[in-house]
Amino acid sequence: MAIEAPATRPANPRFSSGPCAKIPTFELSKLSDAALGRSHRAAIGKEKLKAAIEETRDLLGIPADYKIGIVPASDTGAVEMAMWSMLGERKATMVAWESFGSGWVTDVVKQLKIDAEVKEAGYGEIVDFAEIDFDTDVVFTWNGTTSGVRVPNGDKIPADRAGLTICDATSAAFAQDLPWDKLDVTTFSWQKVMGGEAAHGMLILSPRAVERLENYTPAWPMPKIFRMTKGGKLNEGIFKGETINTPSMLAVEDYLLALDWARDVGGMEGLRERAYANLAAVQSFVAENDWIAFLAKDPAIRSNTSVCLKFTDDRIKDGAGFAKAVAKRLEAEEVAFDIGSYRDAPAGLRIWCGGTVETSDVVALMPWIKWAFEAEIEALSETA
Ligand SMILES: Cc1ncc(COP(=O)(O)O)c(C=O)c1O
């Protein structure tokens, strides 16, 4: 029996967790002011890079004495740069609850070979920060993109910590409040909540992080691409838009456009509310259907950007195959692109709910998920 398809389709079927949906008002023609074919070291290029830094500060409420740099290699570049430049001065605590956090553990333990305690939680959970020694350097991911969890707040990070906190906030920035006084190094990339282009990372340093850079030299060689100091002093230029190597001025223009849009929708508060409204639409759907659940059971740690779901129906024996088939069906209908769970994560769906996604699209997608689920269940009974 054919299951009737819902009447309404999402206007934009892009729910990928990175690169994420572009701003709803995006048009390529809006990038026509990009400083293309000009040197990024010319006044026009430098002004745009500086504007990207200062407008980021303004929107995210980053303190005036924190440094913000645009660095190579997206969020990964920013995290690596911080870890390779600052770790090793003292013991480290590596905290991981999903795939990306586990990647940072591998780097620190196997590549840098730093004395580190590793604290891990399974997919859908996080480590209790009360159990962490913040007199060590602590590396963690604020929002677990592949598991749909996030740190609820920074209350358990002591103000008088002796170590540095290094926080990969790539899928949290612009959607969740970040407690700047508790974060010494924060990173994100433009391709996530802002729907920007990849390639450039943002590296945000507290005064304590700068102090570490100026007073500690790691035992290992530092490639040019990671070098933030010159003669024992911070290379201040990096934090004024004098990038280490050549950036894409097209990507810069695109980020500036997204920042403009963010201001139009109410700045940080508007972005946060948009993400929460999207999460609420998924939450209502999950509450109405007993065959689907959040990977993150505890609402307090549930992400409002990378929303991860799992199928819980007993009739499903091959969870991975079933979830893949649902995602494929939705993609074939062009109602949802890229919503299969991450390759290392438990089987299910992952729906990006960051601010560039319209709530009306999330609402329209939900009945399609039910439709695809029912069609796949029916297919199971046909093959049984
Ligand atoms: C938590 C987290 N860290 C790091 C990355 C890597 O980001 P990029 O590819 O922008 O370097 C991602 C990408 O999805 C992520 O979600």
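Author: R274 and E358 form a salt bridge, their closest N and O atoms being 3.0 Å apart; the term denotes a side-chain nitrogen of Lys or Arg within 4 Å of a carboxyl oxygen of Asp or Glu. R274 belongs to helix α6 (residues 267-288), whereas E358 sits in the loop between β14 (349-352) and α8 (359-383), so the pair ties together parts that are 84 residues apart in sequence. Helices (H or I, at least four residues) and strands (E, at least two) are DSSP runs, numbered from the N terminus. E358 is partly exposed, with a relative accessible area of 30%. Here buried means under 20% relative accessible area, exposed over 50%, and partly exposed in between, with a 1.4 Å probe and protein chains only.

The model is a predicted one, in which local features need pLDDT of at least 70 and side-chain atom pairs count only at pLDDT 80 or more, while totals for chains, interfaces and linings use all residues. Residues are numbered from 1 along each chain as its sequence is written, and side-chain values use heavy atoms, with hydrogens and water left out.

By the rule given above, the count comes to 22 salt bridges. Another of them joins the side chains of D313 and R315, at 2.7 Å from N to O.

Helix α2 is followed by G88, whose phi is positive, near 105°. The helix itself is mostly covered, since eleven of its 13 residues are buried; among them are D75, E80 and M86. Its length can be checked as well: at 1.5 Å a residue, the 13 residues of α2 (residues 74-86) should span 18 Å, and the end C-alpha atoms are 19 Å apart, which agrees. The expected span is 1.5 Å times one less than the number of residues in the helix.
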